Amino acid sequence: MNSAIHVPVFLQLVGILVIIAEIILPSGGILSILATGLFGYSLYLVFTNISASAGMAFIIADLFIVPILVYFGIKFLAKSPATLRTKLSKEDGVTAQSSDQNDYLGSLGLAITDLRPSGVATIDDQRLDVVTRGEYLEKQTEIIVIAVRGNQIVVKQKD
């Protein structure tokens, strides 16, 4: 094996590592420019020091390897802890309020936290997220449910 091929192969491997780093690290394209330069210089060395057929072999290999790396890099990044989860679950501590909240309409309750205008209240012995119409209510204020919109329970101070 020709010793002149070691440097271009090394530059290609470093270019691949830089592409992987570009997928993981936000660099604003600086790492992409660096990877392009590494690939370009590697190809220049192959074409000038080895042969045109070896240079074409490098180009063909790059055309297959780089897209595959980008594909698997994006798949890896989607499953890594560095990205936001798209699915919320009970194991992560996420709870959704009941879809049958119309039963609370007209119910009395007690504000557990200050409602500014949202907070937590106890209604029918259930701890629920509630909102007011914009007014501030202190905790321990008696409230009444005046509306239910989707999963939003709207309350006001009991008169």
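What share of the contacts in the chain with a separation of 6 or more is accounted for by residues 24 or more positions apart? The share is 43%, where contact means heavy atoms within 4.5 Å. This is a predicted model, in which local features need pLDDT of at least 70 and side-chain atom pairs count only at pLDDT 80 or more, while totals for chains, interfaces and linings use all residues. Residues are numbered from 1 along each chain as its sequence is written, and side-chain values use heavy atoms, with hydrogens and water left out.

**The whole chain**

Begin with a cartoon of the chain, which contains three helices and five strands. Helices (H or I, at least four residues) and strands (E, at least two) are DSSP runs, numbered from the N terminus. Along the sequence their pattern is α-α-α-β-β-β-β-β. Then switch to a surface view: the accessible surface is about 10900 Å², and 62% of it belongs to carbon and sulfur atoms. Accessible areas come from the Shrake-Rupley method with a 1.4 Å probe, and for residues only the protein chains shown count as cover. Of the 159 residues, 30% count as buried. Buried means under 20% relative accessible area, exposed over 50%, and partly exposed in between (1.4 Å probe, protein chains only).

**Helix α3**

Select residues 52–79, which form helix α3. This helix has 28 residues and reaches 41 Å from its first C-alpha to its last, close to the 40 Å expected at 1.5 Å a residue; the expected span is 1.5 Å times one less than the number of residues. Within α3, colour Ala54, Gly55, Phe58, Asp62 and Gly73, which are buried. The cover over the buried residues of α3 includes α1 (6–24) and α2 (30–49).

Next, show the side chains of Ile60, Leu63, Phe64, Ile65, Ile68, Tyr71 and Phe72, which make a nonpolar surface patch of about 760 Å². Patches are made of residues with over 30% relative accessible area and no salt bridge; like charges are joined within 9 Å, and nonpolar side chains (Val, Leu, Ile, Met, Phe, Trp, Tyr) within 5 Å. Ile65 lies in helix α3 and counts as partly exposed because its relative accessibility is 38%.

**A stop in α2**

Move to Ser32, in helix α2. Its relative accessibility is 33%, so Ser32 counts as partly exposed. A distance drawn from Ser32 to Ala21, C-alpha to C-alpha, gives 9.2 Å for two residues 11 places apart in sequence.

**The nonpolar cores**

Now select Leu115, Ile123, Val130, Val145, Ile153 and Val155, which have the most contacts inside the largest nonpolar core, a set of 13 residues. A nonpolar core is a set of buried Ala, Val, Leu, Ile, Met, Phe, Trp, Tyr and Cys residues joined through side-chain atoms within 4.5 Å. Two or more residues of this core come from each of β2 (118–123), β3 (126–131), β4 (142–149) and β5 (152–157). The largest share, three residues, comes from β4.

Centre the view on Val145. Not counting residues up to four places away in sequence, Val145 touches Tyr104, Leu105, Gly106, Ser107, Ile123, Ile153, Val154 and Val155. Apart from this core lies another, of 10 residues, including Leu11, Ile16, Ala35 and Phe39.

**The β3–β4 loop**

Select Thr141, in the loop between β3 and β4. Thr141 counts as buried because its relative accessibility is 12%. Leaving aside neighbours within four places in sequence, Thr141 is in contact with Gly109, Leu110, Ala111 and Gln157.

**The salt bridges**

How many salt bridges does the structure hold? There are four, a salt bridge being a side-chain nitrogen of Lys or Arg within 4 Å of a carboxyl oxygen of Asp or Glu. Three of these may be visited in turn.

- Asp114 and Arg116: the closest N and O atoms are 3.1 Å apart. Arg116 is exposed, at 59% relative accessibility.
- Arg133 and Glu135: the N to O distance is 3.7 Å. Arg133 is exposed at 55%, whereas Glu135 is partly exposed at 27%.
- Glu142 and Lys158: the closest N and O atoms are 3.5 Å apart. Glu142 lies in strand β4 and Lys158 in the segment after β5, so this pair ties together parts that are 16 residues apart in sequence. Glu142 is partly exposed at 46%, and Lys158 is partly exposed at 36%.
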